[in-house]
Amino acid sequence: MSGTPARTDAETATDVVCLGESMVTFLPSRPGRLADVPSFGRGIGGAESNVACALAAAGHRAAWVSRVGADGFGDHLVDAISAYGVDTSAVRRDPARPTGIYFRTATDRGTDVHEVAYYRAGSAASAMSPANVPYDALPTGRVLHLSGITAALSADCLALLHELTAPRPGRPLVSFDVNHRPGLWRDADASPGVLLDLARRADLVFVGEDEAEEAWGIVGAEAIRAALPEPAVLVVKRGADGATVFSGLRPGPRSSIAGGADVVTDVPALRVDVVAPVGAGDAFAAGFLSATLRGLPVRDRARHGHLMAAAVLTVPGDLTDPPARDRADRLVALDDAAWGTLRLGPGWTGDDTEVRTP
């Protein structure tokens with residue numbers, strides 16, 4: 001099926017290589033303004049490392065590539081991400097730059113009261129470039145997963161993404177999550193064009209309807225596809241309404257709908273008792289990639305994405321163990337009516353009784 005990565009010659013090759021900055025995250029002990037929160041717990045946060053951890057927890061061979069400082073926070077990141085089973089052997093230490101950190105409030109990122117305080121300017125990861133993260137030195141993987149966050153960190157990071165998304169013989173399937181974060185861009189006027197260009201160079205693209213409207217002024221899934229005809233698979237995330245997947249019919253690593261047919265698959269989201277909304281987009285991407293690696297149909301890829309997102313939505317942090325694969329497969333196989341009755345709450349991944357109907 002279009003958009004499914006071919007296996008490499010070596011069965012032991014990495015399934016997915018995820019490249020990007022991860023930071024030590026300080027999570028509030030209770031809701032409220034950053035000025036009022038008395039204490040914070042330490043976690044990890046980073047779109048690409050979140051995807052790598054979720055894939056590793058789901059049984060895939062995942063690698064994370066980045067740079068961290070030669071400091072205690074760098075030690076913590078590498079140790080915590082490795083603990084999920086992620087290969088961190090390609091992570092490099094920078095003795096001159098620190099590991100990034102950030103603090104956030106407990107509220108939804110999309111609300112006016114949400115606060116995030118980043119301390120990542122001049123971080124080790126922001127110094128990634130084609131010179132110190134050469135393409136040929138990356139672990140061999142069936143999929144290379146990137147995001148627009150990396151492009152915003154520095155001119156060197158943007159140059160690296162251009163290098164990694166360039167057409168070349170034997171290029172793995174390039175997965176790109178737009179992840180538009182306006183606050184990270186020094187030149188806000190440049191970000192829409194940069195992100196559109198990078199997305200058009202990828203094979204599989206994830207983008208939210210809301211961020212497409214914010215970044216490009218494009219409204220609706222069909223209009224987004226018209227602006228992004230090149231990717232073999234385009235996943236338009238529509239929040240609580242689900243996801244629309246456009247998949248080109250023509251085979252090859254860079255299938256396109258240009259001049260050809262496109263299959264459009266709408267997959268409703270699940271009803272979830274949300275504990276914290278952070279990390280759901282990364283979890284969705286991990287679930288979709290996991291099912292893509294397994295060669296599952298497009299509908300099932302999106303349903304696995306929704307299930308992974310539901311696992312994260314029902315815990316306080318950015319990461320959690322996904323449901324067991326056989327259980328997730330049983331839920332994904334439900335007919336449309338049964339899928340529509342599911343309601344998932346805290347603890348559902350470990351207890352069948354937590355899967356509830358109205």
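Two rings of Phe, Tyr or Trp count as an aromatic pair if their centres lie within 6.5 Å. By that rule, this predicted model holds eight aromatic pairs.

**View 1. Phe26 and Phe103 form a stacked pair.** The ring centres are 4.7 Å apart, with 15 degrees between the planes. Phe26 belongs to strand β2 (residues 23–28) and Phe103 to strand β7 (residues 101–104), so the pair ties together parts 77 residues apart in sequence. Phe26 is buried, at 14% relative accessible area. Phe103 is partly exposed, at 23%.

**View 2. Tyr102 and Tyr118 form a tilted pair.** Here the centres are 5.2 Å apart and the planes 40 degrees apart. Tyr102 lies in strand β7 and Tyr118 in strand β8 (residues 116–119), so this pair joins parts that are 16 residues apart in sequence. Tyr102 is buried, at 9% relative accessible area. Tyr118 is partly exposed, at 37%. The charged end of Arg120 sits over the ring of Tyr118, 4.9 Å from its centre.

**View 3. Ring pairs link five residues into a cluster: Phe26, Phe40, Phe73, Phe103 and Tyr119.**  Phe26 and Phe103, the stacked pair, are both members.

**View 4. The largest nonpolar core has 59 residues.** Leu204, Phe206, Val235, Leu270, Phe288 and Leu307 touch the most other members. Helix α9 (residues 298–313) gives the most to this core: nine residues. Among the contacts of Phe206 are Phe176, Val178, Val235, Phe284 and Phe288.

**View 5. A second, separate core has 45 residues.** Its members include Ala90, Val133, Tyr135 and Cys157. The charged end of Arg168 sits over the ring of Tyr135, 3.8 Å from the ring centre.

Methods: Residues numbered from 1 in each chain as written. Predicted model: local features only at pLDDT ≥ 70, side-chain atom pairs only at ≥ 80, totals over all residues. Heavy atoms only, no water. Core = buried A, V, L, I, M, F, W, Y, C linked by side-chain atoms within 4.5 Å. Buried < 20%, exposed > 50% of the residue type's maximum accessible area, 1.4 Å probe, protein only. Helix = DSSP H or I, 4+ residues; strand = E, 2+ residues; numbered from the N terminus. Contact = heavy atoms within 4.5 Å. Phe/Tyr/Trp six-rings, centres within 6.5 Å; stacked < 30°, edge-to-face > 60°. Lys NZ or Arg CZ within 6 Å of the ring centre and 35° of its normal. Lists of a residue's contacts leave out its neighbours within four places in sequence.
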